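Subject: Structure handover

Hello,

Here is the structure we spoke about. My notes on what was found in it follow below.

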Amino acid sequence: MSKNLYLFAGVVALFLFTGLVLTSWNQTLLILNFALVSSIMALGVNIQWGYAGLFNTGVMGFAALGGLAVVLVNSRPVPEAWSAGGFGILAGLALGALTIAATIFLRRRMVKGRARSLATVALLVGGFFLFRAVFDPAVDAVEAINPTIQGNLGGLGLPVLLAWPAGGLLAALAAWGIGKTALGLRSDYLAIATLGIAEIIVAVMKNEDWLARGVKMMDLKERPWPVPYEVSLQQNPRFLELAANWGFDPVSASSVVVKLCYMVMILIVLGLLIWLSERALNSPWGRMMRAIRDNEDAARAMGKDVTKKHLHIFILGSAVIGIAGAMLTSMDGILNPGTYQPLRFTFLIWVMVIVGGSGNNWGALLGGLLVGWLWLIVETLGPMVMGGITAGMAPGPLKSHLVDSAQHMRLLTMGIILLLVLRFSPRGLIPEK
Amino acid sequence: MDILNALVAFLNFVFIPGLAYGSQLALGALGVTLIYGILRFSNFAHGDTMAFGTMVTILVTWWFQSMGIGFGPLPTALLALPFGIAATAALLLLTDRAVYRFYRKQKAAPTILVIVSLGVMFVMNGIVRLIIGVEDQNFADGARFLITAGDFKTMTGLTEGLAIKTTQAVTVVTAGLTVAFLFWFLQKTRTGKSMRAFSDNEDLALLSGINPDRVVQVTWILAAAMATIAGVLYGLDKSFKPFTYFQLLLPIFAAAIVGGLGSPLGAIAGGFVIAFSEVMVTYAWKKVATYLLPDSMAPDGLLQLMSTDYKFAVSFSILILVLIFMPTGLFKGKSV
């Protein structure tokens, strides 16, 4: 344990060093909050991979669903849009779901054969056209309403803190669907299926403007209690006096305070999740999960329903990722589906889990902090370092190309770190006990 | 006449683009399936391997262009292709030596190899972005069209034109030649036969004295060739952008799985199944329908099943359907 304490002390020292020497405190807190939220995602992946050996490459999709939940829960409803086409959209979606449910029901009831195949195809094709007939006009009606700032249905107008569990719920629902179809097949298939569903989720969020305005982006005005606005802090005389007493300028002080508030909230969620996962890991349930991971056949022989347990854990892990995704979006205050990139949201999280130590929750946290720090610090320092390296070169296209491309160095760095850890320390920094 | 017009519209907007795209996917899926058959893991770095090969080809193309070397009406990139293949093969052999070989000797689980390939993907992606950047690059030159829509109209007197881009013709011909060569290699040569034996039964192949290192090396070289050719053809036909190549991973995997992982014939069939479904589902059929139906029944809408933004959803749905109903694919691939 003492070695792990040293590791975490090292991370604390690293962040202090970043704040004191490398950049401003504001920047450091930005990196820290990012790293902490990413740690929660890493925790979710660790639940799936570390406990059960499930290979999920759809982290981006579940995180995006969490972000969507923030819009659906938090933003104000648009009554005109609801009266214009809200019912049509809901009816269309219900028809779509009904078609799929009816198809599954039909396939269970009918005997295998040509009649069943024909009925399946007819039902699916008919259902699809019915869905489009109800859904499309409703969408057009909604998107026509005040398109420059609205054109969507809006949300429920509830406090944003409720969006965090809602994000988990939404991600869990998607995980249930994908798990039902892809679990129980070979392991790479789950990876490919989740990679695909993540791309589709982001594509839907980019193109379905009625949902969250798509690439036109959704500005989220509300802040989760108790985090105030930077601007309102700057107008608060007591805060100004406090800042002046401590010798800070009000602008940077206000953004530091807001980030500190977020940090506390993230730490609470993170602590809760780690406590729950540790409890789960050390319970009979956790032992069963590891037994399944280490030897599926033996677990099956003991009468465990492996596919069902895999489905449970896949849903749990995805829900954790969804919560983190919702937190990230409420922290950014904006939902921009264009920012969901698989390298940043899926594979970076995987690097965190592998580097930290798969199967260990503290490892996921450590990996998240370290790799998250590296990912953002390279963005800040990379161009500077590259500028230093190329200082002696004559200015020209080659030099500017090198300085511009420094930001891509981090992909290279991440890849090399991942390969080195996999090769020389495959159990990660804090191995599973 | 209307039926002919409808046919031409179908050929122009669905069949020819689908054929070209299918050839590109088939070549990509062949690379994935070869690696799966011999090395037994799903290579997530394949999209970025394609991007790397295409990048080298583009750089050599630019160099040729600056020296005034051209290929007449054909794209200069075809001349640069061998250089791209050689560089990619060298990179893959190096990666195998430095990274994959260790896990192969350990007999690591396939999932570990997939994660390792993620690391390789990161590195290749970084190299490509570092050298050529993230922007769109258009490197097609030479004649633009084999037949333009206008020529076709005057030739046949139809109201609907048929345009065949040079890049589309080049794609189909090159893909055909490449596939023919690959099948000849796998069926007729000694190395090809030992590769198939290795893929079918590793232990038996080792027992009969097949050198595994050689089989693996040849596999990487073939995969490099397939990936580079697929990438260059895709780039000529559309344009080169590193991120698009990463995204091609999904339709390529879908094609390989639909055909049956490990089966070269299946990869080709899968490539065309995915490409044609994608094009047909996202094409607005209004034009074709207007020719075929009487005026009174002319459609109001675009008759588009799904917008082009959802083309991933098409390959994904096919993938899921195949996984559920025939997990080994159309051509009975492996299911380990």
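How many Å separate the centres of domain 1 of chain A and domain 2 of chain A? Taken over C-alpha atoms, the distance is 33 Å.

First, the conventions. This is a predicted model, in which local features need pLDDT of at least 70 and side-chain atom pairs count only at pLDDT 80 or more, while totals for chains, interfaces and linings use all residues. Residues are numbered from 1 along each chain as its sequence is written, chains are lettered from A and ligands numbered from 1 in the order in which they are written, and side-chain values use heavy atoms, with hydrogens and water left out.

Domains of chain A

Domain 1 of chain A covers 2–77 + 154–424, and domain 2 covers 78–153; such bounds come from an automatic or database domain assignment. In the contact between them (heavy atoms within 4.5 Å), domain 1 of chain A has 12 residues and domain 2 of chain A has 16 residues. The two domains bury about 900 Å² between them, with 52% from carbon and sulfur atoms. Buried area is the accessible area (1.4 Å probe) that two parts lose on being put together, summed over both. On the domain 1 side of chain A, helix α8 (residues 209–212) gives the most, with four residues. Helices here are DSSP runs (H or I, at least four residues), and strands are runs of E of at least two, both numbered from the N terminus. Zero salt bridges are found across this interface of domain 1 and domain 2 of chain A; a salt bridge is a side-chain nitrogen of Lys or Arg within 4 Å of a carboxyl oxygen of Asp or Glu.

Chain A against chain B

Chain A brings 47 residues to the contact and chain B brings 51 residues. About 4,300 Å² is buried between chain A and chain B, and carbon and sulfur atoms give 76% of that area. On the side of chain A that touches chain B, the elements giving two or more residues include α5 (114–143), α6 (163–182) and α7 (187–207) of chain A. Of the elements on that side, α7(A) gives the most, with 14 residues.

Salt bridges

The structure holds nine salt bridges over all chains. One of them joins the side chains of Asp136(A) and Arg132(A), at 2.8 Å from N to O. These two residues are separated by about one helical turn because they are four residues apart in helix α5 of chain A.

Chain B

The unreviewed UniProt entry lists several spans of chain B as "transmembrane region", among them residues 6–39 and 312–331. UniProt positions are given in the numbering used here, feature names are shortened, and annotations may be inferred rather than shown by experiment. In the model, residues 6–39 of chain B are 100% helix and 0% strand, with end C-alpha atoms 47 Å apart. Residues 312–331 of chain B are 70% helix and 0% strand, and their end C-alpha atoms lie 23 Å apart.

Regards
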